[in-house]
Amino acid sequence: MDPADLTTAHLADACLRAGVEPRTGPPGLRPVVAGSRAAGPARPVRHYGSVDVFLEVIDAAAPGDILVIDNGGRTDEACIGDLVAIEAQAAGLAGLVVWGLHRDTAEIGRLGFPVFSLGATPGGPTRLDPRADDAFTSARLAEAVVTTGDWIAADDDGAVVVPGNRLDEVLAHAAEIRAAEHRQAAAVAAGRSLRDQLGFSDYLERAAADPSYTLRRHLEERGGAIEV
C-alpha cells in the first residue's frame with residue numbers, strides 16, 4: 001500500500017477509528033502548487049531568523065523525510081524560498097510543510113517539489129533570535145505538535161500527523177475507508193443513493209421515537225461509521 005494514495009481526509013478519519021487523536025495542520029495550510037502531495041517521516045525544525053537551521057536539519061535528514069518548519073505562524077516574513085526547497089529536493093527529501101510563509105512562488109512551482117505553507121510574501125526575515133537547544137526535536141503546526149518519530153502527510157486539504165508507532169494501523173484503516181468510499185460512490189453512480197445505503201429512512205423513524213438515537217449510533221449498529 002502506497003501512503004501517497006491516501007488523502008489527509010482518509011488519514012484523519014482513520015486516526016479516529018484507531019483511537020489516535022488526529023493532529024492536523026492549521027486551516028489555510030495549502031500547497032504552493034495545487035494538487036501536490038507528500039507523505040513521509042517528519043523532520044521538525046524551528047526557525048529563528050537564519051537559514052542555518054534548515055541547512056543543518058537537511059544535512060541530518062534521510063531521503064524521504066519531510067521538513068516540518070515552525071515559524072510560529074508568522075505573517076510578517078517568509079522563512080523559506082526557492083533555495084531551501086532546491087537544497088531539500090537535492091538531498092532527497094519528500095517535501096516541506098511550513099507553519100508560516102514562503103516566497104519565490106514561481107521558482108518553487110517550477111521545481112515540482114511539494115511545499116506547503118500559509119501563503120506567500122516577498123520579504124524575508126530581518127531578525128535573529130536565540131536558538132533553543134531543542135530546535136530540531138519538535139515543531140508546531142498551530143495546535144499540532146510534531147516530534148521526531150512522527151509521520152506526516154499533506155495535500156490540498158492540509159496536513160495530518162500520525163505517531164510513527166501507530167502508522168501501520170492508521171494506514172490500514174485509511175485504506176479500508178478509501179475502499180468503502182469508492183464502493184459507496186460507485187453505488188450512487190449506479191442509482192443507489194447514499195441515504196439508501198445508510199438506511200437513513202430507518203434512522204429517521206427510530207430517531208423520531210427516541211430523540212437520543214443518533215446517526216452515529218445508527219451507523220455503528222449497521223457495522224461502522226459512514227464510510228462503511
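Student: Which residue stands opposite Val-98 in E6?

Tutor: Strands of a sheet pair through backbone hydrogen bonds, either parallel or antiparallel. In this predicted model, Ile-69 stands opposite Val-98 in E6. Strand E4 (residues 66-70) and strand E6 (residues 95-99) run parallel, joined by five bridges.

Student: What is the order of the strands in the open sheet?

Tutor: Eight strands follow the order E1-E12-E11-E3-E4-E6-E8-E2, and the pairing is mixed. Strand E1 (23-24) and strand E2 (30-31) stand at the edges. Each has a single partner strand, so one side of each lacks a neighbour in the sheet.

Student: Which strands does H2 lie across?

Tutor: H2 lies across strand E3 (38-46) and E4. Its direction is at about 135 degrees to E3.

Student: At what angle do H2 and H3 pack?

Tutor: Helix H2 (residues 52-60) packs with helix H3 (residues 82-90) at about 10 degrees, their axes 10 Å apart. Angles under 35 degrees count as roughly parallel, so H2 is roughly parallel to H3. Phe-54, Leu-55 and Ile-58 of H2 meet Val-84, Glu-87 and Ala-88 of H3. By class, that contact has five nonpolar residues, no polar ones and one charged.

Student: How do H1 and H5 cross, left-handed or right-handed?

Tutor: The crossing of H1 and H5 is right-handed. The axes of helix H1 (residues 8-18) and helix H5 (residues 167-189) come within 8 Å, crossing at roughly 120 degrees. Contact residues include His-10, Leu-11 and Arg-17 of H1 and Val-170, His-173 and Glu-181 of H5. Eight residues of the H1 and H5 contact are nonpolar, two polar and six charged.

Technical notes: Residues numbered from 1 in each chain as written. Predicted model: local features only at pLDDT ≥ 70, side-chain atom pairs only at ≥ 80, totals over all residues. Heavy atoms only, no water. Axes fitted to C-alpha atoms, helices over the stretch in contact; angles between N-to-C directions. Helix = DSSP H or I, 4+ residues; strand = E, 2+ residues; numbered from the N terminus. Left-handed = near helix turned anticlockwise from the far one by under 90°. Contact = heavy atoms within 4.5 Å. Nonpolar A, V, L, I, M, F, W, Y, C, P; charged D, E, K, R; others polar. Parallel < 35°, antiparallel > 145°, perpendicular 65-115°, else oblique. Pairing = 2+ DSSP bridges.
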